[in-house]
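Please look over the structure shown here, with attention to its pocket and its aromatic contacts.

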Amino acid sequence: MRAARLIKMVLLLQSRPSMTAAELARELEVSERTVTRDAQALSEAGVPVYADRGRAGGYRLIGGYRTRLTGLARGEAEALFLSGVPGALREMGLEDAASAARLKVSAALLPSLSDASRTAAQRFHLDAPNWFTEPKAPELLPAVAEAVWDDRRVTARYRGQEREVERELEPYGLVLKAGVWYLCARVAEGGSFRVYRIDRFTAVEARAGRFVRDEEFDLPGFWAERAAQFARSILRAEVVVRLSGDGVRRLPYTVDPTAVREALAAAGPPDQDGWLTVTLPVESEQVAHAQLLSLGPEVEVLAPESLRARFAEDARRLSRLYGT
C-alpha cells in the first residue's frame, strides 16, 4: 500500500513543477504529516525530492529527474481508453485504474505536452444519461464488469418477464445506453448471444474457469443490430394519420424515427390541402395517443376508430377549457 503511494507521489511530482504538502495530501488521500514522512523516505531511497520552505514552498524533483516506473498495466491501459466517461468508470469500479494510468501517461510526456490531459478534459465530456432522469448504477455492475475484463464465466440470476431464471453466461461486453447498463453475453457452451439489462440481475457469481473469446465478435456491430431489431419488434400496431407540413417535420421528434422513415417512404402524395396521409407503426394505441397528442392540430387520426375517439374527446375537453 505504501509502495504504491510512494510511486504515485513521484509520478505526481514528475508531472508538475512543484506541489504543496496540502495538494499532495489531497491527491494521495493522506495527512500532510504522512506526506512529509513519504518525502523523507523517497529522499533516503535516492529519489531527489526537495522541499522548498516558505509560503510559496512545496515539494519538487531536482535536476529533471524522471522515473522509469511508467509502464502501463493491462487494466490501466484498457481503462485509459474509457477516461472520457468518468461516470461509467466509477460505476464499473475502474476509477482508480484510470487515475493511475493518466498519471503514468502524464509523467511520461515531454514537458511541452504536460498539459495535454488538462486541455483534453476541458474540451470533451460525455454525459450519457437522458435529461430529466436520475441515473443509478446497478449494484451488481462492478462484479459483471470484472467478469467482462477477465473473460470469466458467471452464473447469473435474472428477472424475466414472468419469472426469475438462472443462466451460465460468457460475458462479452458492456453497453451504456441512455443511462442504462446492458450486458452482451453468450449462453455458455456454444449458446446464442443475448442482451441483458444489468439492473435485472439479482445475483452474479464468477466461475472458476475462463472462456475462450470469439475473436470475430464485434460489440458495436452486435449492439447496433440488436438495437435496431428491438426498436422494430416493439412496433406491433399501426395507426393511420393525416399530417400537415409542420406535422411531418415534427413527427421524427415525437415517435420512433425508424417508424417515421418507413411510413413516409410508403406514403403517397399530399392531398389538395397539402396534408400527407401515412400508416405509422406504433408500439400500442395508448403509446400512440400520448406521442401524437404533442402534435396538436398538426395531426388528424383516421384509424383505428377507437384512437380517433380518444382524440375527439381530448378536443372536446380542450374546447371546454379554452372555449368562449
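Which strands and which helix each supply at least two residues of the lining of the largest pocket?

## Basis of the model

This is a predicted model, in which local features need pLDDT of at least 70 and side-chain atom pairs count only at pLDDT 80 or more, while totals for chains, interfaces and linings use all residues. Residues are numbered from 1 along each chain as its sequence is written, and side-chain values use heavy atoms, with hydrogens and water left out.

## The largest pocket

Strand E3 (152–159), strand E4 (164–177), strand E6 (193–197) and helix H9 (219–233) each supply at least two residues of this lining; helices (H or I, at least four residues) and strands (E, at least two) are DSSP runs, numbered from the N terminus. A pocket is an open set of points on a 1 Å grid over the protein atoms alone, where a 1.4 Å probe fits, with protein on both sides within 12 Å along at least five of seven lines, and lining residues have an atom within 4 Å of a point.

The largest pocket is lined by 23 residues, of which Tyr-182, Val-195, Arg-197, Arg-200 and Phe-230 lie nearest its centre.

## Aromatic contacts

Counting Phe, Tyr and Trp rings (for Trp, the six-membered ring) as paired if their centres lie within 6.5 Å, with planes under 30 degrees apart stacked, over 60 edge-to-face and the rest tilted, the model has 10 aromatic pairs. Tyr-182 and Trp-223 form a tilted pair, 5.2 Å centre to centre with 50° between the planes; because Tyr-182 lies in strand E5 (residues 180–187) and Trp-223 in helix H9, the pair ties together parts that are 41 residues apart in sequence.

Ring pairs also link Tyr-172, Phe-193, Phe-211, Phe-217 and Phe-222 into a cluster.
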